[in-house]
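Open the model in your viewer and keep the sequence panel beside it. The stops below can be selected one after another.

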There are 2 protein chains.
Amino acid sequence: MHITSETSSGGVREQLFTLGEIPGVLWTPEGAVGTRPLVLMGHGGGQHKKAPDVLTRARRFVTEGGFAVVAVDVPAHGDRPKVEEYDRIATENQARVTAGEELAPLIAGFQALVARRTVPEWRAVLDAVQRLEHVGAGPVGYWGVSLGCGLGVPFVAAEPRVRAAVLGLGGALASAGDAARITVPVEFLVQWDDERVPRAQSLALFDALGSAEKALHANPGRHGEVPAFELDSTLRFFARHLG
Amino acid sequence: MHITSETSSGGVREQLFTLGEIPGVLWTPEGAVGTRPLVLMGHGGGQHKKAPDVLTRARRFVTEGGFAVVAVDVPAHGDRPKVEEYDRIATENQARVTAGEELAPLIAGFQALVARRTVPEWRAVLDAVQRLEHVGAGPVGYWGVSLGCGLGVPFVAAEPRVRAAVLGLGGALASAGDAARITVPVEFLVQWDDERVPRAQSLALFDALGSAEKALHANPGRHGEVPAFELDSTLRFFARHLG
């Protein structure tokens, strides 16, 4: 793990790093020493590790929760090179949708493919970041919706360090089997008028989660319109389970 | 309105009252003067105005929110006399369920009948309580699940003083029309494994609500097993909309 730059503002220390070919960013409270909860955040499709909503969330987790937050670019996103195979699939999927196929199963299949790379990558990121003195081997949370849910479900299912997860804006098509293996508390976000994920599939993914404690939070609006008060709820959720 | 007794404990003043034939209870912060938000709480079927979960909720609304809270016995509940018509219907419904009819539509029909009495009663209670100096004509919230939802939906639809409502554990059969007339923010509780209200009917009632801001909170468990952290969420919801 190589730290490539470091800045601080408003009480938040930001360290850009690379781990092998993975570019990432770590946010911690300014001046923090010792072990603390760590939240890994997955970004949305077409976004990257420092997308505005990722930054907003990370700053609040750090300043209000005292957490460390880490985000990395998904392959073919942000500072990472294109992946020829993904481009080819995206082009094919576009053609299939134009020809009348449903979008949701195509998205789900694509996310399952990408997860084969991101699950081991994210586990390696946890290994590396938890070796830092100002992060340490504390409890881990995962936050990810949309693409971050499609990649997050297999990650959370595979990674025993994760003690609580916020997921959502995703459906059950590709990941019901992984979802059933998740047993940690989950807060699951649904947009009631989601134009990308059919409501029944969202509810089916929530239903498939093996967790004894899982809370579905559904709000009106489209895929990108999760209301701001859900971030307050997320903070309390992580504070309750990682604090 | 006649105050029939008054006690105080742990920072909460409790005043029992009657308004005509309606027995009620009002909780306010000890020593409170002046106008404050008022939450009307509807109790569950077979319960009463001072049922343990009503008391728990009321004390937290008063001590943490600074609200006034009022609850009254529904006809044929608590300190109120039996209603022959209700007894007759209950007996008939029991027989119909034994004969194989579905329970949910029978419950919904019964609640619609009771609401014809409780809607005007509860409006009169608001009138009376808001004339008290330590309550005043502040913003009003409504909290009610199960029977409290069946009676609450037509009440919230009819009463413009209500600015926010917590509802749930109820289905759409009897009240979809009233639900569509509700436009205030709603937090809506669903128990994912509710043995009394079919999941699809719960979701249909949430769907029917006319509110631009409405949040569905679904948790695993049976009808009576709403997790304790939902009370924290309810408090913040009312603080946001009535505060």
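Start by selecting residues 84–98 and 103–130 of chain A, which are helices H2(A) and H3(A). Their axes lie 10 Å apart and the angle between them is about 170°. Axes here are lines fitted to C-alpha atoms, for helices over the stretch in contact, and angles run from 0 to 180 degrees between N-to-C directions. Helices (H or I, at least four residues) and strands (E, at least two) are DSSP runs, numbered from the N terminus. H2(A) and H3(A) are therefore roughly antiparallel (angles over 145 degrees count as such).

Show side chains at this contact (heavy atoms within 4.5 Å). H2(A) brings Glu85(A), Tyr86(A), Ile89(A), Asn93(A), Arg96(A) and Val97(A), while H3(A) brings Leu103(A), Leu106(A), Phe110(A), Leu113(A), Val114(A) and Arg117(A). Sorted by class, these are 8 nonpolar, 1 polar and 3 charged residues. Ala, Val, Leu, Ile, Met, Phe, Trp, Tyr, Cys and Pro count as nonpolar, Asp, Glu, Lys and Arg as charged, and the others, Gly among them, as polar.

A note on the source: this is a predicted model, in which local features need pLDDT of at least 70 and side-chain atom pairs count only at pLDDT 80 or more, while totals for chains, interfaces and linings use all residues. Residues are numbered from 1 along each chain as its sequence is written, chains are lettered from A and ligands numbered from 1 in the order in which they are written, and side-chain values use heavy atoms, with hydrogens and water left out.

Next, select Arg60(A) and Asp232(A), which form a salt bridge with their closest N and O atoms 2.9 Å apart. The term means a side-chain nitrogen of Lys or Arg within 4 Å of a carboxyl oxygen of Asp or Glu. Arg60(A) is in helix H1 (residues 52–65) of chain A and Asp232(A) in helix H7 (residues 229–242) of chain A, so the pair ties together parts 172 residues apart in sequence. Over all chains, the search finds 38 salt bridges.

Now display both chains. How many residues of chain B are in contact with chain A? There are 17, and they meet 17 residues of chain A. The buried area is about 1,600 Å², 61% of it from carbon and sulfur atoms; this is the accessible area (1.4 Å probe) that two parts lose on being put together, summed over both. Select Trp192(B), Pro220(B) and Phe229(B): these supply 31% of the area that chain B buries against chain A, more than any other three residues.

Finish with the salt bridges across this interface, of which there are 2. Arg199(B) and Asp207(A) meet in a salt bridge through their side chains, at 3.5 Å from N to O.

Notes:
Angles under 35 degrees count as roughly parallel, over 145 as roughly antiparallel, 65 to 115 as roughly perpendicular and the rest as oblique.
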